[in-house]
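Let's take a walk through this model, one piece at a time. Have the sequence and the 3D view at hand as you read.

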Amino acid sequence: MEQSFQLFAILVILGLTNLGGAAAGGGGFGEQPLSKIAIEKATLNLSCTASINASPLVLGLQGEDTEWVTVKLENHTPTEDDWVGVFSPARFNASMCLPVNAPKEQTPYICTAPIKYKYATDSNANYTKTGKATLKFQLINQRADFSFALFTGGLLNPKLVAVSNFITFSNPKAPVYPRLAQGKSWNEMTVTWTSGYDINEAVPFVEWGVEGQTRKRSGAGTLTFDRSMMCGAPAKTVGWRDPGFIHTSFLKDLWPNIEQFYRMGHRLSNGTIIWSKKYIFRSSPYPGQDSLQRVIMFGDMGKGERDGSNEYSNYQPGALNTTDQIIRDLKNIDIVFHIGDLSYANGYISQWDQFTAQVEPIASTVPYMVGSGNHERDWPDSGSFYDKVDSGGECGVLAETMFYVPAENRAKFWYKTDYGMFRFCIADTEHDWREGSEQYKFIENCLATVDRQKQPWLIFAAHRVLGYSSDYWYGQEGSFEEPMGRESLQRLWQKYKVDIAFYGHVHNYERSCPVYQSQCVTSEKSHYSGAVKGTIHVVVGGAGSHLSDFSQVTPNWSIFRDYDYGFVKMTAFNHTSLLFEYKKSSDGNVYDSFTISRDYTDVLACVHDSCEATTAAS
């Protein structure tokens, strides 16, 4: 009788009373691990001989936003493809399904993907003999409660046999995962974070200042979006999850080089304030300031799971190593650039929370500047330059909302930002960059308006390789570049004497010589001095996602290639000396490097296709 009651209770929790077949749907999408689960094909097979239990019941009692959970399961008819999915919100019933248009089609029992999963054999190789397993999951605060579901039938034919008790964070709505970014002026820092508080429920703000001095408070704007803003599946279907509320506060009139504390707050209608943890950042240097300045650059990192879940497709095996190496060196880093393909959520909205939690130790401490890639933006008939489905239906909405960039229009993800002796011009390859386009005019203006006497280090960055790469597929095309890339832009790089151009998209590391029109302008490989005769092009897309093969042909301009995970660190010692280092994510050691030494007169010097007009008049 007790077992019958438990079975009935689970049916009530799920909102399932019809035991017929489920509608076809789901299936794979790209290589996103969650896309492997045909969740819309799930059928109900609840069993009194299977059970699953999760503990502790309440997480974050000491204010933590990340906790480990123990899940114990038992199944009297175990199979090797049994798996456990983590669902949030905990009630994953048919009420979350979109209406079915076809009258003969039946609404699926489950039409929301889990936020992560593991096989039952993950912790017990003898599970198929014992029918018992204990799994460890790491959960983050994602504004809702959690439940754990045991399925048989593998990922393609899942049969639900047991559902756990619900667990929750003590305050699911708490402000979490701050992301710093440079504002539109050098003395402005922005703080973006996520919470479960709508503006009708609480007023968001940031309290900040110098320790020991008067504290300031800056209000925050609040954004969100709903399912109707997604462009297609899976973002609009099984991948949808409520994103909560994304708040951004602008900390203005900062003095340069000053350590500031900050914390996010939400003032409830009764006057109570819900506080985040306290964080610290250092305000940016004045443009042109002569001081030690250290920059990290990479692309295509994605996310990993520290509990080992979701990794069966080997999608982003280097992500955690890259993250951890940067965290270890954080005291020696001033600003980070992640140039596209950020989370690889590909339409599974829950993964953006996972990503912002992963990079929080970095992004809460130094500006975390992002670019737009194909996995953020591309979707057919949505205004993207490429008519592909790589964003999984997100069509830029997630990236543009979850992260702040100092663009005039965040839907057009190009912007400039100054950091001390550096000027960064960040392009958006998912919009037209060709001559005559709106973005082309921005790029030229960004390059042309920098004062090289004060900011000698001019950096261009974009997601797709608009310059040079000996990637296998680029080699097959014979161009060794993104089609129409350097044909449009190399004149600008040369005219304005861009020092280094960075790209992601191709998942490896490659450095060119200083090059113009596919020809090296010097035979030097490790130390560059004198006039800026060509731009060094660097592919640094090996931060985490599965690696890309090189062409069997090594072009004459390719100096160093590495089929491994890594990132770049640039150190400007002063106005005349810069160190470039490529570090592997596995150990943090330097595997490629060069230096640049030059004077302001070298920047002014006339070189091919970059000479200023002169006159014979006296």
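**Starting inside the sheet**

Find Met 297 and look across: Phe 337, in β20, stands opposite. This is a predicted model, where local features need pLDDT of at least 70 and side-chain atom pairs count only at pLDDT 80 or more, while totals for chains, interfaces and linings use all residues. Residues are numbered from 1 along each chain as its sequence is written, and side-chain values use heavy atoms, with hydrogens and water left out.

β19 (residues 293-298) and β20 (residues 335-339) run parallel and pair over four bridges. Strands here are DSSP runs of E, at least two residues long, and helices are runs of H or I with at least four, numbered from the N terminus; two strands pair if DSSP finds at least two bridges between them.

Now zoom out. Seven strands make an open sheet with mixed pairing, in the order β21-β20-β19-β31-β32-β33-β28. β21 (368-371) and β28 (527-529) are at the edges with a single partner strand each, so one side of each has no neighbour in the sheet. From one strand to the next, the twist averages 15 degrees (axes are lines fitted to C-alpha atoms, for helices over the stretch in contact, and angles between N-to-C directions run from 0 to 180 degrees).

Helices pack on this sheet too. Helix α3 (residues 319-328) touches β19, β31 (566-572) and β32 (577-584), and its direction makes about 25 degrees with that of β31; contact means heavy atoms within 4.5 Å. Helix α4 (residues 350-363) touches β20 and β21, with its direction at about 135 degrees to that of β21.
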